[in-house]
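Student: I have a structure open and would like to talk it through slowly. Could we go residue by residue and then look at the whole?

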Amino acid sequence: MALDVLCEVNSCVHNISNENKCGASQIYVVNHKEKNASSSAETDCKTFEPSDL
Ligand code: SF4
C-alpha cells in the first residue's frame, strides 16, 4: 500500500502543489484509453479532479 503518492499534476484539486504530493485518501489508476499498459505513460489517474486554477 502506498503511503505517499508523489504527483506533479498541480491542476488537480487533490494535489498539494508546493510538495508535489497527492492528498486524496485513495487513488484509482487506470489503463490509458482502456488498453493494457506496457509503460507508465500508458496509465492515468482516474481520481483526478480539476482545480480552479
Ligand atoms: S488524484 Fe491523481 S492526479 Fe490528483 S493529485 Fe492525486 S495522484 Fe495526482
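Student: Let's start with Val 29: is Val 29 buried or exposed, or something in between?

Tutor: Val 29 counts as partly exposed, because its relative accessible area is 48% and the label exposed is kept for values over 50%. Please keep in mind throughout that this is a predicted model.

Student: Which strand is Val 29 in, and which residues does Val 29 touch beyond its neighbours in sequence?

Tutor: Val 29 lies in strand 3, and, leaving aside residues up to four places away in sequence, Val 29 touches Thr 43, Asp 44 and Cys 45. Strand 4 covers residues 43–45, so the residues that Val 29 touches belong to that strand by its residue range.

Student: What about Ile 16, how far is Ile 16 from Val 29?

Tutor: The two are 13 residues apart along the chain, and their C-alpha atoms are separated by 18 Å.

Student: Which phi value does Lys 33 have?

Tutor: Lys 33, which is found in the loop between strand 3 and strand 4, has a positive phi of about 55 degrees although it is not a glycine. That deserves a second look, because most residues other than glycine have a negative phi. Glu 34, placed in the loop between strand 3 and strand 4, also has a positive phi of about 55 degrees without being a glycine.

Student: And are Lys 33 and Glu 34 buried or exposed?

Tutor: Lys 33 counts as exposed because its relative accessibility is 71%, and Glu 34 counts as exposed because its relative accessibility is 79%.

Student: Changing topic, what surrounds the ligand?

Tutor: The ligand is surrounded by Cys 7, Cys 12, His 14, Asn 15, Cys 22, Ile 27, Cys 45, Thr 47 and Phe 48. These shell residues divide into six nonpolar, three polar and no charged, and the ligand sits in the largest pocket.

Student: With those cysteines around, how many disulfides are there?

Tutor: The count comes to zero disulfides, where a pair would need its cysteine sulfur atoms within 2.5 Å.

Student: Which is Cys 12, buried or exposed? And how about Cys 45?

Tutor: Cys 12 is buried, because its relative accessible area is 10%, whereas Cys 45 counts as partly exposed, because its relative accessibility is 39%.

Student: Let's zoom out. How many helices and strands does the protein have?

Tutor: The protein has zero helices and four strands, and, read along the sequence, the pattern is β-β-β-β. Its C-alpha trace spans about 30 × 25 × 15 Å along the principal axes.

Student: What share of the protein is buried?

Tutor: Buried residues make up 6% of the 53 residues in the protein; among residues we have discussed, Cys 12 is buried, and Asn 15 is buried too. As for contacts, of those with a separation of 6 or more, 26% are between residues 24 or more positions apart.

Note on methods
Residues are numbered from 1 along each chain as its sequence is written. This is a predicted model: local features need pLDDT of at least 70, side-chain atom pairs count only at pLDDT 80 or more; totals for chains, interfaces and linings use all residues. Side-chain values use heavy atoms; hydrogens and water are left out. A residue is near a molecule or strand if one of its heavy atoms lies within 4 Å of it. On a 1 Å grid over the protein atoms alone, a cavity is a set of points where a 1.4 Å probe fits but cannot get out, and a pocket is an open set with protein on both sides within 12 Å along at least five of seven lines; lining residues have an atom within 4 Å of a point. A molecule sits in a cavity or pocket if more than half of its atoms lie within 2 Å of its grid points. Ala, Val, Leu, Ile, Met, Phe, Trp, Tyr, Cys and Pro count as nonpolar, Asp, Glu, Lys and Arg as charged, and the others, Gly among them, as polar. Buried means under 20% relative accessible area, exposed over 50%, partly exposed in between (1.4 Å probe, protein chains only). Helices (H or I, at least four residues) and strands (E, at least two) are DSSP runs, numbered from the N terminus. Contact means heavy atoms within 4.5 Å.
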